[in-house]
Every structure is written in structure tokens, then in C-alpha cells.
Amino acid sequence: MTNSESTIEKVNRNLARRYRAEKRFRLYGILSILFGLTCLVVLFTDIITKGYKGFVSTEIYLTVDLNSEDLGIVDPEAENAFMQADFEGAIKRALYARMDVSDRRAKRALNALISSGASYSVRDQVKQNPSLLDTTQGFWLLADDDVDTWYKSLDTKAPFLGRLSEQQLAWLNTLVESDELRTAWNTTFFTSGDSREPEMAGILGAALGSLFTVMVTLVLSFPIGVAAAVYLEEYAPKNRWTDLIEVNINNLAAVPSIIFGLLGLAIFINFFEMPRSIPLVGGLVLTLMTLPTIIISSRAAIKAVPPSIREAALGLGASKMQMVLHHVLPLAMPGMLTGAIIGMAQALGETAPLLMIGMVAFVVDVPGGVMDAATALPVQIFLWADSPERAFVEKTSAAIMVLLGFLFLMNALAVWLRRRLERRW
Amino acid sequence: MQPITLISTLAALAVFAFVIGRGRAMLQSQAVGGARSLASLPFYYGMLTALWCALPALLVLGVWQLFDARLIEWMVIAKLPAASQALPADELGLLLNTVSNIAQGHLPVESQPAEMVAAAESLKNIQHTNRLAVTGVVLSLGILGLMFGWSRVAPQLRARQKVESAFSWVLLACSCLAILTTVGIVFSVLFESLQFFRSVSPVEFLFGTQWSPQMAMRADQVGSSGAFGSVPLFAGTMLISFIAMCVAVPVGLMAAIYLAEYAHKKVRSVVKPLLEVLAGIPTVVYGFFAALTVAPLVRDIGQSLGFATSSESALAAGLVMGVMIIPFVSSLADDVISAVPQSLRDGSLGLGATQSETIKQVVLPAALPGVVGGILLAVSRAIGETMIVVMAAGLAAKLTANPLESVTTVTVQIVTLLVGDQEFDSPKTLAAFALGLMLFVTTLALNFVALYVVRKYREQYD
């Protein structure tokens, strides 16, 4: 041994450094995971803190004199009696009386505190209960969106950046002191369609639009996807043609969704001249988009059915179709269903292709079917996010929470189905 | 009849066909010794009759629906005076619109010129005849098919074989839908792009560095020449995708390594699905988050450090997109890392290497092709991603490498060009299809390479 340093010494000399490197490497891994999880937490907290107040709305208490003569109601039994009645005027008079103003500019500033939708709710209440006529009733009226943002910013101590004048703020402060301002559960948000006024905007229209779109998608893509998967797994000969189909499906799964929007625009809208903005076209486009996902997951589910089942069925004299329909499909169904649910969740959250086929239109009416103009929930979020009104920020976040809620439910259902029906051979 | 009622009638007819076909088979079998002497089960005779009833009728209905609108339009045009027939296509379209509005009663008849009213009248007539004709033809086809199928029912008919071959044809048709979709994408996008390239040269589109797709409404309008150089858009897309990959690749890869090599099974089973939640969040939510939270943050930090930062920066969009892509990278990398055989690790560990040395020098090189494939797929995701960039990246087509500036991307431009009212023969709208074609080709090429690499790699350890 002429060498002064043995291998052991060489190794030992470097050992501490190597252990440090090992620790560092591990740390990078942990940091990466923490980074991912932090992003998730930050995203959710951001949305929730911005949006939880979207579920409540601010209301102002006002005693309104429902004198039928002032309202212009001659005969309460008449069909259109309440449609033409001047509830707005009554509310305005009540407001002026409450704040004791007479100057025209002040009146206008005062009117701006109450939402233009308030008179409808008073009208509906009186219509329901005509005995209220000719009495003086107290109502909680929907406040304007600026009042809403101001009132909600009070307890967070966040600076208020709205458009309220000194005088309006003074009025509001007197209302707060006398407890005539409150927040209440925002039913409008869940029961009405879109609106230019943030305090009156709701998600029902968009949610139904999404529902119809996803229903069309499900009805078309599930049977077609399963049929395609059955063909490829059970029937297809191994040749170039089926290879082509297979490569194609894998590629389609990775084509950007906006391309499917372009396809829908060119084929369904320009060529077949279907109307724009309807859930039917949206559903067709999303069908094409989700088909690859459903086919791939259905194929995996069919592949997981052991060959012995098939052989047993064939051995007992079943034909191929009987084997598929009576044995393979029922056993593969849980897997296919989870795949379909995940595909539907994907379709539910998709926005870009729907933009292309015109589902970005401003639609106030709640759609009643697949042929009515509609928007979808994610598109509604996109529209509101673009809106300059500050109050739409919390509406957007609230709508996002609803959308995420639906997605969460669908994914939970998929997981539950998988756990429940999973079978091991 | 409306198509929906027609289809339901046909369905009812098919059910009836099933019942009588099955019944006839049963009846005939009695003469020759009961249901056992039939060539197939009675169910198949019913099925076959139902198929004969429904399939041809449905096919004809489908083809009819594809072409009747065009045919009616053509017949109405033939009824119009020669002067209107000679109008350019878009004005003719407008005219036809008016005609159909009159026919539906949306426009008062009195205020319209006589020939328009006449055209509307004939449109109404043709539509009425068309509806009658389609109902008649489809229903009689259904009944004829039913009768034919019914008449063929005989004990020696091999009904099951026929039903099963029809079944397998239907299955084949369903799986061909994928090919049809691709063909549809290629043709629709290619066709409109070719129209675009008739007015803008492909060289200018591919290599031009000016993008301002404003076309003149009038010939004498100022500053509306329209420039269609797509280089700034692709540069912007690349910049944002690069930033996204700078976030997603290291984080995703390290997360995958940790989860596959170090993490306890329980930790893994909790953390992996949690990370995958990031991939399941709709992109519009990320867009909202990027535009309202990250972009102002980036701007404030940039400005406090003394950089000129625009409120819509490539950095904000790229960062958020990177977060979205983390799970794609990590899941794919996790798959390939787990596929590396344990014997390789054992060999390395047995020689005295630490775990991280094993990973860096043995596992990762072995998994490299798969990881690269996964990253390529993630890049194609980033290039095609729309909502985040639409909401957070901006519209200014600038050639810049500064991530603090606002840039625009291919998908943003497609959306801005196509959302809203537009006519379909101006280069401005057609440009969106040309961009779509480029996007499709790029992502397709990336996917092909990625799938090829992943597949080829996977076979090595099988």
C-alpha cells in the first residue's frame, strides 16, 4: 500500500458533504409540494374572502305608504293593476319623508341609495297580499350596489373606494345608527338571471344554461364514447385503420379546447346555420371535446375486466354481442361512469369553446330549454370578472364558489362511485 | 312535424316493429315445434324488424336535415327578381333574412315591397311542403322498412348474426367520430385560413412583425390598413409559456420525485390528490385570480423595486399558468419515475450512493425520455391555454422579452377577433382561423412527439 489515502478515508472525507446534499435535495422536494399546496390554499382563501359576502345583500328599512290612489291602482282585481302601479314613486316619497329632503339634487342622491329592483319586490309582496293596500308598511328594501359595498366594507376596516358623496354617507350613517340598514341572505343571487345592476344580478340563468349544456353533452358523449371504447377494445382488428383511430383519440384529448370552439363555430354555426348562444350547440361542441376523455377512461375500464369472464361467457355459447352487453359492460360500468363524471366536470368548467359559439351574450332571461339563448356558469364568471362595477368582484367570487361547489360534488361522486363499486379480481 | 316529434314517432314505430317482429317469429315457430326451433332467439327477430324500420328512415332524415335549409334558400332565390339575384352574397343574405322575417310575421307585410312579400309567401309554401315531405318520406320509409323486415321473419332466418353485425357497424361508426372530428377541425380551419391567405400573403402572416388586425370599414378610413404579422403573438405565447414552464417544471418534477421516492404512503395518498385539485379548477377561475390578485401584486412589487411594470404583465399570467400546470408535470413524471425498475435503484444504493445520488444519476436518466414527453405535453397545454391569458395577459402585440410588460398571445387574439358581432368574410375574422390553424399544427406536433417519446420509453421496461 503506497497510496497514503484509503478508499474509506476518501469516502469519509466527502460523506458530510454528500449527506448535506441529500438533505438539501429532500428539502427541495418538500418545498415544491408545500409551494403547490400553498398555491391551492391561497387561491381558495382569496376566492372565499372576496366572495363570501356575495351571498348576503344589504337592505334598507323604509316605511312606505301604500295609498292605492297614489299608486294609481283603481281596481286591485284588474289583471294589470299591479304591473302599472307606481311603487317606485311610493318608495321615493317614503325616502324623502324619512330623510326630510326637498331639494332636487338631494332627492336624486337619495334615490341612488335604493336599487331599482326594490320596487318590484314591494310590488310582488303587495300583489301576494292585497290587504296591504291603503296601509303603511315597513319594508326591507334592496340597497344599491355602492351602498352594499360601503356597508360591507365597514366591519373589515378596508378603505372604501366607492362612488358615494359626503351627503349620502351622512344619510347612511344615520340609517346605521338607527339600525335601519342590515345584511340579509341574498335570494336574488340564486333566483334571477344576469343583470347590469350588480345587486340584482343572479346566477340562476347561467346555472341552468350550464345544466342544459352539460345534459346535452352527457346524453351524446356517454353512449357514443362507450360504443367507441367497446369497438376499440372488443371488436377492432389490429390494423392500421384502428391504429389511426387510436392515435387520433389520444391526440384529440390534447388539442386545446379553443380549437373545438373554432370547429363548432365553423361547422355548427356557419355551415349548419344553427342559432348562436344556445346550449344545444354548446353541448355539441363540448361533446366533441369530452369524447376522447370518455373513450380513454371507458377503454381502461373495459380492459380491467379479466379475460376469463369473456371466455366463460363465450364458452357457454354467448355471442360476442351478448358477452359485451351482458357481462363486460355491467362489470366495466363503474369505471366508465367515473370517467364520464370526470369528463362532465371538465365540460362544466370549460369556457373558451363556449366563447367562440357566442355564449357570451348578455342574457337576462332564465333559459327554459336547450334551444333558448343562454350563458354558462364559467362564462358568466368571465363576463362578471370583466365588469367595471366593483360590486361584481364579490358576485364573481361567489359564482366561482358555486361552480367549485358543483365540481367538488361531481368529483366526490366519482370518488365515492369508485370506492363503492370497485372490484378486484 | 318537427324533427323531435318525428323522431319520437319513429321511435314508437320501432318499438311497435319490435313487438310484431318478435310476435311473428313466435307465431311461425309454433308450426315447426316451438321457439327452440328458431335459428335465433325471438328477441333478435324483433330487434331486426325494429332496425329495418328505424335505421334507413333515420339516415334519410339526417341527410335531409343537412341539406334542406340550403335547398330552400336556393329555391327562394330563384323566385326573387333578377336584379336581387345578382346582388353580392352578403347583401343577398340580408335580403333572405328580411324575407324569412316577413314569413315569420316579425315584419309588417304592408311596408314591404311586393316582390319581397311574394318571396316570403313562397318561402312559407316551400317550408310547409318541405315539412310535409320530410314527414311523409321518413314515416313511409319507416313503415316500408317495418313491412320488409316483418315479411322476412322466418324460422330459418339467422336474425342474431344480422343484428350483431349491425351492432358492430354502429360501434365502428361511433369510434370513427374521433377521426371525423379531426377531419372537421382540419377542414373547417384550413378552409377559412385559405380564404384568409387569399387576401394576406402567408409570408407576411408567418414572418411579419406587425399585428394590428383593424380592417377598414370604409375605403377612405385612416389608419386601418391592417397588419397581420403573427410573430409578436407567437413571441408573446412563447414568453408566457416559458414563464409557466419555469414554475411548473422544477416544482412539478421535484414534487413527483419526493412523492415517488421519499414520501410515506399515507402522505402520498393525501398529497397527490390535493395537488391534482389544481388541475381540476376551471381555468376561468385561475384567470380571475391572475387578473385580480396576482397581476396587481406583481405590479406593486415591480414598481416598488423601481421597474416599469404594466398592470397586465406576462409574468402574472405566466406564474398562474405555471401553478395550473404543476399537476400535469407531476402526475406524468410520477408515472414514469414509478415505472423505473426497483433493481436499478437497488444496484445504485448497494454501491453506496445516497438516495439523492441514486435519483439524480440513475432514476432520472432512466426516466428522462418519459419526463421530457410529459413536459412537452405540458408545453402544448400552456400554448393552447386560453382563459388565463385572455383575462390577465393583455392585448398589446409587442415583441418583447421583458416579462413585466404586457404581451398578447395567439389564443387571446382568436378570442378577441371572434367574440362579438362580425362578418365572416373579412380578413379580420378569418385571421382568427389562420391563428387557430397554426395553434392546432403546433400543439399537434408537440403532442405527436410527446406521445411517441412516452410510448417508446414505456416499452423499454415492460
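User: In this predicted model, how far is the sulfur of Cys39(A) from the closest cysteine sulfur?

Analyst: The closest cysteine sulfur to that of Cys39(A) belongs to Cys246(B).

User: Which residue holds the cysteine sulfur closest to that of Cys174(B)?

Analyst: Cys174(B) counts as buried, with a relative accessibility of 15%. The closest cysteine sulfur is 9.2 Å away, which is too far for a bond, and the residue that holds it is Cys176(B).

User: How many disulfides does the structure hold over all chains?

Analyst: A pair of cysteine sulfur atoms has to lie within 2.5 Å to be counted. Over all chains, the number of disulfides is zero.

User: Is Asp179(A), which has a positive phi although it is not a glycine, buried or exposed?

Analyst: Asp179(A) has a phi of about 60° and is placed in the loop between α7 (166–177) and β3 (181–185) of chain A. Since exposed means over 50% relative accessible area, the value of 61% for Asp179(A) makes this residue exposed.

User: Where does Ser277(A) lie in chain A, and what is its relative accessible area?

Analyst: Ser277(A) is a residue other than glycine with a positive phi, near 60°, and it lies in the loop between α11 (257–271) and α12 (279–303) of chain A. The residue is buried, with a relative accessible area of 10%.

User: What is the radius of gyration of chain B?

Analyst: Chain B has 16 helices and two strands. For its 462 residues the globule rule gives 23 Å, and the chain is well over that figure, so it is more spread out than a compact globule, with a radius of gyration of 32 Å. Along the principal axes, its C-alpha atoms fill a box of roughly 85 × 80 × 35 Å; the radius of gyration itself is 32 Å.

User: How far apart do the centres of the positive and negative side chains of chain B lie?

Analyst: Chain B exposes about 22200 Å², of which carbon and sulfur atoms supply 67%. The chain has 26 positive and 26 negative side chains, and the distance between the centres of the two sets is 16 Å.

Note on methods. Residues are numbered from 1 along each chain as its sequence is written. Chains are lettered from A and ligands numbered from 1 in the order in which they are written. This is a predicted model: local features need pLDDT of at least 70, side-chain atom pairs count only at pLDDT 80 or more; totals for chains, interfaces and linings use all residues. Side-chain values use heavy atoms; hydrogens and water are left out. Buried means under 20% relative accessible area, exposed over 50%, partly exposed in between (1.4 Å probe, protein chains only). Helices (H or I, at least four residues) and strands (E, at least two) are DSSP runs, numbered from the N terminus. The radius of gyration is taken over C-alpha atoms; the globule rule is 2.2 Å times the number of residues to the power 0.38. Accessible areas come from the Shrake-Rupley method with a 1.4 Å probe; for residues, only the protein chains shown count as cover. Lys and Arg count as positive and Asp and Glu as negative; His and the chain ends are not counted. The place of a charge is taken as NZ of Lys, CZ of Arg, CG of Asp or CD of Glu.
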